[in-house]
Amino acid sequence: MANNVKAAFWEMRAEQAQRTLDSQFWNPSISLYDIKTPCPGGACNTIFHYWWMAHAVETQVDGWNRTGDSIYKQRLAMLHQGLLERNGGEWPNNLYDDMEWMAIGWLRAYLIDQDETYRHTAKLLWEDIKTGWNDHVGGGIAWQKTQLDYKNTPANAPAAILAARLYQVFGKQEDLEWAIKIYNWQKAVLVDPESGFVWDGANRLGDGTIDKDWKFTYCQGVFIGAAVELYKITGEKGYLEDAIRTWQASVEEFASQEANVLPAEGGGDAGLFKGIFVRYAGELALAMGSGSGSEVADVLYANASSLWSSVSSRGDILFSKRWDESLEEEIELSTQLSGVILLETAAALEKAGLI
């Protein structure tokens, strides 16, 4: 009984965060989310943040999976149309990592009730993404179409996640082979063999240098996610061990010693980094199960508790870049989405009995 009450408690918090996302950011005139709040008359929307919207798609799938409430399906349908219109009537863009996030989002949406529109979008993007693989830096998918010799974690680990999930949904052997190929390249080139810490990219300036000083939670999260997906498919413990090593290196690098709270990594795109990290850390905890998985879940719980303590005294559930500080004057969509993802992850872990 006590566990049921506790689970309902976190579900309620996730739902409150979703309702604030809807009331403070959704703009029905464009069928997209405003990129920040406040945004009177939608005037803030001077930039189209394609990949932020892709993560908004995922948060709506999170809400559907948690509640089964049709409002999430309705919002996804509107988002699909709004995104297509805003991107000029087509789905591909110049950045391979952006397209990967969009494909992951619509593949997850497809799983709700097998809507063929979403399947088509995910698979169309996947066909484009595969054209980003070339032999520069020994393989890997390029970051963007106008810089084919720059390879990074943001363009490769999510591609491995996508390929692995496509295989799990549709059973096409070629997709699993892609997932393993991309993962092996990522691990060989952009993962520290000593610690498991994930580096950001290689050859950005055309000199072959690896950007070891660019340290982001985001990169750790997507590698963990790729490893967990391949573990779920193959059952090979080596993948799970890879994910755990990277998780341990991440906590040592990023989490505060006092409270295990993750740091602020900035605004703009960086506002989403922690959300991506906690999403895939949550997947790791679920894969590890009760016992060792609880150690991962405890860190996520500490962050969720800190975040909630910083906002729960206010009417609207708006999040700051720091998860241990109160509200900023303007909140970007990227930052808000990270908080929503964290609370949805906490709700999922508590439902599974891990926190």
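**Loop features, core and voids of the predicted model**

P38 sits in the loop that connects β3 to α2. The structure described here is a predicted model. The peptide bond leading from T37 into P38 is cis, and its omega is near 0 degrees. N45 belongs to the loop between β3 (36-37) and α2 as well. With residues up to four places away in sequence left out, N45 touches N27, I30, Y33, D34, I35 and C39.

V137, located between α5 (116-129) and β4 (142-144), has a phi near 60 degrees. Its relative accessible area is 30%, so V137 is classed as partly exposed, the class between under 20% and over 50%. N260 lies in the loop between α9 (237-254) and α10, and the phi of N260 is near 65 degrees. N260 likewise counts as partly exposed, at 30% relative accessibility.

The largest nonpolar core comprises 117 residues, and Y33, L83, W101, W106, L284 and L343 have the most contacts inside it. Helix α4 (residues 96-113) supplies the largest share of this core, 11 residues. Of the 18 residues of α4, 16 are buried, so the helix is largely enclosed by the rest of the structure. The end C-alpha atoms of α4 are 27 Å apart, in agreement with the 26 Å that its 18 residues should span at 1.5 Å a residue. Q114 follows α4 and has a positive phi, near 55 degrees. Y33, listed among the core residues with the most contacts, is also one of the residues touched by N45. For L343, the contacts beyond four places in sequence are W10, R13, A14, A17, A304, L307, W308 and F319.

Two or more lining residues come from each of α2 (50-67), α4, α6 (153-170), α8 (217-234), α10 (273-288) and α12 (333-351). Among these elements, α12 gives the largest share of the lining, 7 residues. By class, the lining of the largest pocket contains 10 nonpolar, 4 polar and 12 charged residues.

T59 is a residue of helix α2. With a relative accessible area of 0%, T59 falls under the 20% limit and is therefore buried. Outside the four places on either side in sequence, T59 touches Q18, L21, R279, L337, V340 and I341.

The volume of the largest cavity is about 40 Å³. E265, G266, A270, G271, K274, S320, K321, W323, T335 and S338 form its lining. These lining residues divide into 2 nonpolar, 5 polar and 3 charged. S320 is placed in the loop between α11 (292-311) and β7 (331-332). At 3% relative accessibility, S320 counts as buried. Apart from neighbours within four places in sequence, S320 is in contact with E325, S326, L327, E328 and T335. T335, one of these contacts, is listed in the lining of the largest cavity together with S320.

Conventions. Residues are numbered from 1 along each chain as its sequence is written. This is a predicted model: local features need pLDDT of at least 70, side-chain atom pairs count only at pLDDT 80 or more; totals for chains, interfaces and linings use all residues. Side-chain values use heavy atoms; hydrogens and water are left out. A nonpolar core is a set of buried Ala, Val, Leu, Ile, Met, Phe, Trp, Tyr and Cys residues joined through side-chain atoms within 4.5 Å. Buried means under 20% relative accessible area, exposed over 50%, partly exposed in between (1.4 Å probe, protein chains only). Helices (H or I, at least four residues) and strands (E, at least two) are DSSP runs, numbered from the N terminus. Contact means heavy atoms within 4.5 Å. The expected span of a helix is 1.5 Å times one less than its number of residues. On a 1 Å grid over the protein atoms alone, a cavity is a set of points where a 1.4 Å probe fits but cannot get out, and a pocket is an open set with protein on both sides within 12 Å along at least five of seven lines; lining residues have an atom within 4 Å of a point. Grid points are joined across faces, edges and corners, and a volume is the space filled by probe spheres set on the points. Ala, Val, Leu, Ile, Met, Phe, Trp, Tyr, Cys and Pro count as nonpolar, Asp, Glu, Lys and Arg as charged, and the others, Gly among them, as polar.
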